[in-house]
Amino acid sequence: MNRSVFHQCAPGALSRRAPRAASTPPLNRRLHAIAVASVLALMTASAAAQTPPAAPQESAMVRLIRGLIQSGALSKDVGEALLAQAQTEAMALQKLEHQATAPAAAPAQAPATAPQPGDVRVPYISQTVRDEIRNELKGEVLAQAKAEGWAAPNEAPEWTKRIHIEGDVRVRSESRFFDGGTTLNPDGTMPGNSNIEVDWGAINKGSGYDVNQNTNLQLPPLINTRQDRRNLLRVRARLGVLADLSENTQVGVRLASGSDDSPVSTTQTLGGGLDKKNLWLDQVYASYRFNDWLKVIGGRFGNPFMSTDMVFSGDLNFDGVAARVDRPLEGTGVSVFGTLGFIPLEYLSDSFPSQEQNKEPSHDKWLLGAQVGANWKIDDGNRVIGAAAFYDYSNISGRLSDPCSLYSGATSCNTDWTRPAFMQRGNTLMMLRNIALNPLDPANTPMPQYVGLASKFQVLDLNLRWDTKVMGKYGLRLDLNYARNLAYDEDEMFRRAGLADGIVNNYGKTASNPTRADFRSGPNAYMIQATFGNPTPSARGDWNLLAGYKRIEPDALPDAYNDSSFHGGGTNARGYFLGASYAVDKNAWFTGRWLGTKEVYGPPVSIDTLQVEFNARF
C-alpha cells in the first residue's frame with residue numbers, strides 16, 4: 001500500500017488501524033461484481049445518510065477492498081483511496097456509537113479551536129469525486145467481466161466464440177447394375193457391355209504394362225463391366241474446425257474419410273474384415289479479407305469457382321491460392337463477382353529419375369482458373385446467376401519420350417512424369433515410352449508402357465442458374481452447364497503420340513485392328529438439371545425432387561476431377577439422373593438417386609447406379 005496516499009487521506013488513522021489479518025486467497029472472479037457493488041453502495045450510503053448506521057467491521061471491509069486490489073478488479077490508486085475513506089468513516093462511526101452509549105457528560109463546553117486528544121479527522125470527498133470513482137470502477141469491472149466471460153454465469157469465454165466446429169455424416173447403400181449378356185450376337189460380337197475395359201490408372205501406378213506379346217501373354221488390369229454389385233454399405237464423415245482470428249482473418253482445418261487418396265471422393269466402403277477406416281487431411285487453409293469485396297485464400301480449400309459436378313466433383317478441394325471479388329452494383333439488384341486461382345496439380349519429384357545420376361529439370365503441372373459472373377435478384381421470387389470460366393491446364397498432356405533403352409538397365413524414360421497422378425476414365429490416351437529394341441534380340445525385348453493424356457486442355461465453362469417459384473410457394477431451380485475444350489485437336493493428338501499405334505483407346509465399337517479412321521472423340525459437354533422444392537433441405541419437412549441429363553464427350557475436360565458416381569466417373573459418358581430428398585429432422589435428411597448411363601463413343605458400357613443414403617450435418 002502507498003502510505004503517503006493513506007496519510008493524505010486520513011492522518012493518524014494508521015496508529016489506530018486494527019492489526020492486519022493474514023493474507024487471504026484471491027477472490028473468485030464471479031464474486032467481483034458483488035464485492036464492487038457493496039463498495040459502491042457503501043460510498044452512496046455514507047454520502048446520503050443523515051444518521052450513520054451501525055459501524056461495519058473494519059477488518060472485514062479492509063480485507064474486502066484489499067482483495068479487490070489484489071485480484072486486479074480495482075486499480076491500486078483508486079483502491080487505496082477507498083481503503084482510507086472506509087477506515088476513517090468506520091472510526092468516526094465507532095466514536096459516535098461510543099458517545100451514544102457512554103454516561104451523560106458534563107455540560108457542553110465551548111468548542112475548542114485546537115484538536116483535542118482522541119479527536120478524529122474525517123476528510124471530505126465531494127460528490128463529483130465519488131461519481132468519478134464509481135464510474136471508473138464500474139467501467140473497469142464490466143470490461144474485465146466481458147473480456148473474461150464471468151459477468152453472466154452461463155456465458156462462454158470470448159475466445160470460444162471465435163472457434164466454430166462443423167461437419168457432416170453420410171451413410172449410403174449403393175448398388176451398380178451392369179449390362180452383362182451371355183449369348184453371342186449374330187455378328188459374333190458379345191452382347192451387353194464390353195468385357196475389355198482397361199484400368200489405365202492401375203497401369204500407371206504400377207511398373208507399366210508390357211505390350212510385347214512375345215514376352216507377355218497376360219491381359220492388362222481390367223475394370224468390371226458385367227457383374228452387378230449390390231447393397232454396398234458406404235460412409236462419409238467430415239469434421240472441420242474454423243477459427244476467426246479477427247474480422248478479416250480466418251483459418252480452417254478439416255478431416256475427412258476415404259478409402260484412398262482420390263481427390264474426388266471421401267466415401268469409404270465398409271467391410272474389409274472390420275478393419276479401421278482411413279482419415280485424411282481434407283482441407284487446411286488461411287484466408288484474409290482485405291475489404292468488403294476482396295478475399296484471398298491459400299492452402300487447401302473448397303472449390304472457389306461456380307461450377308457443377310459435370311466439371312468438378314462436389315468433394316473436390318483445390319490446392320494453391322485463390323482471390324475472390326464480389327461487389328454489388330448499388331440500386332440495381334445486381335452484384336458482380338470474379339475468381340482467380342493458381343492451382344498446383346503436381347510437382348515433379350526432386351529425385352526423378354530416382355536411379356539415375358542425371359535428374360530431369362522441373363516440369364510442374366498447373367491449373368490457372370479465371371471466372372467472372374453476375375448475380376441478379378430480379379424480385380423476391382426470381383434470381384439469376386451466370387458465370388463464364390476459363391481453365392488452362394498446363395503440362396498435363398502426355399509426351400513421347402526419347403528413345404529409351406530399358407533393356408540395358410534403365411529403369412525409366414524421360415517423359416514418365418507426364419502420366420497423370422490420378423485418372424478416372426474416358427480421356428484419349430497415348431503411350432509415353434519410345435522403347436528401343438535390343439539389337440541382339442529385338443523380338444523378345446520387353447516393352448513396359450505407361451500412358452498419358454493425348455489432348456491438351458483449355459476449357460471454357462459456362463454456367464447459368466435460375467431460381468424461381470411456381471404455384472406461388474414452391475421453389476424451382478434450373479441449372480445449365482456447357483463446357484468445351486478449346487485446345488482439342490485430333491491431328492495434333494496423333495502427331496504427339498508419334499508411334500503408329502500410339503493412341504490406345506476411344507476407337508469404334510467393332511474395330512479389331514483400329515486405325516485413325518476408327519477413332520472417336522469430341523470436345524463438348526453439357527448438363528441440364530431441374531430441382532423442384534428446397535434445393536438444400538435443412539428444416540424438418542423440407543423436400544425436393546430433381547431430374548437431369550449429362551453428355552460428356554471423351555476430351556471435353558480432364559477426366560480426373562468430376563463426379564465419381566456418374567458412369568463410374570470421368571468422361572465419355574451420357575445419361576439421365578433422378579433424385580429425391582426429404583428432411584426428417586433439423587439438418588437430417590434421406591436422399592434417393594438413380595443414374596442411368598452409357599458410353600458416348602466406343603465399345604458399349606452401360607451402368608445403372610442406385611444410391612439411398614441418410615445425411616446429417618452439424
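This is a predicted model: local features need pLDDT of at least 70, side-chain atom pairs count only at pLDDT 80 or more; totals for chains, interfaces and linings use all residues.
The model contains one disulfide. The bond joins C404 to C413, with 2.1 Å between the two sulfur atoms. The torsion about the S-S bond of C404 and C413 is about -95 degrees, and the disulfide is therefore left-handed. Both cysteines fall under the 20% limit for buried residues: C404 has a relative accessibility of 6%, and C413 has a relative accessible area of 2%.

Aromatic contacts were examined next. The count of aromatic pairs comes to 16. One of the pairs is formed by Y288 and F290, whose ring centres are 4.9 Å apart and whose planes meet at 85 degrees; the pair is therefore edge-to-face, since planes over 60 degrees apart are assigned to that class. Y288 is partly exposed, at a relative accessible area of 35%. An edge-to-face arrangement is also found for F312 and F318, with 5.2 Å from centre to centre and 85 degrees between the planes. F312 is buried, its relative accessible area being 3%. F318 likewise counts as buried, at 3% relative accessibility. F312 and F318 belong to a cluster, linked by ring pairs, that also contains F305 and Y391.

The charged end of R419 lies over the ring of Y450, at 4.0 Å from the ring centre. For K550, the charged end is positioned over the ring of F566, and the distance to the ring centre is 4.8 Å.

N463 is located in strand β15, which spans residues 457-470. The residue has a relative accessible area of 6% and is therefore buried, the limit being under 20%. Its side chain takes part in polar contacts with the side chains of two residues: the contact with D461 is 3.1 Å, and the contact with N481 is 3.4 Å. When residues up to four places away in sequence are left out, N463 touches M306, S307, T308, I385, G386, A387, L480 and N481.

Several backbone features occur in loops. The peptide bond from F352 to P353 is cis, and its omega is near -10 degrees. P353 is placed in the loop that connects β9 (334-346) with β10 (365-379).

Positive phi values are found at L274 and N572. L274, which is not a glycine, has a phi of about 60 degrees. This residue lies in the loop between β5 (268-269) and β6 (279-289). With a relative accessible area of 81%, L274 is exposed. For N572, also a residue other than glycine, phi is near 55 degrees. N572 is situated in the loop between β18 (543-552) and β19 (573-585). In contrast to the exposed L274, N572 is buried, with a relative accessible area of 9%.

Conventions: Residues are numbered from 1 along each chain as its sequence is written. Side-chain values use heavy atoms; hydrogens and water are left out. A disulfide is a pair of cysteine sulfur atoms within 2.5 Å. Buried means under 20% relative accessible area, exposed over 50%, partly exposed in between (1.4 Å probe, protein chains only). Rings of Phe, Tyr and Trp (its six-membered ring) pair if their centres lie within 6.5 Å; planes under 30 degrees apart count as stacked, over 60 as edge-to-face and the rest as tilted. A charge sits over a ring if NZ of Lys or CZ of Arg is within 6 Å of the ring centre and within 35 degrees of the ring normal. Helices (H or I, at least four residues) and strands (E, at least two) are DSSP runs, numbered from the N terminus. A polar contact is a pair of N or O atoms within 3.5 Å; within protein, one must be able to donate a hydrogen and the other to accept it, and residues adjacent in sequence count only if both atoms are side-chain atoms. Contact means heavy atoms within 4.5 Å.
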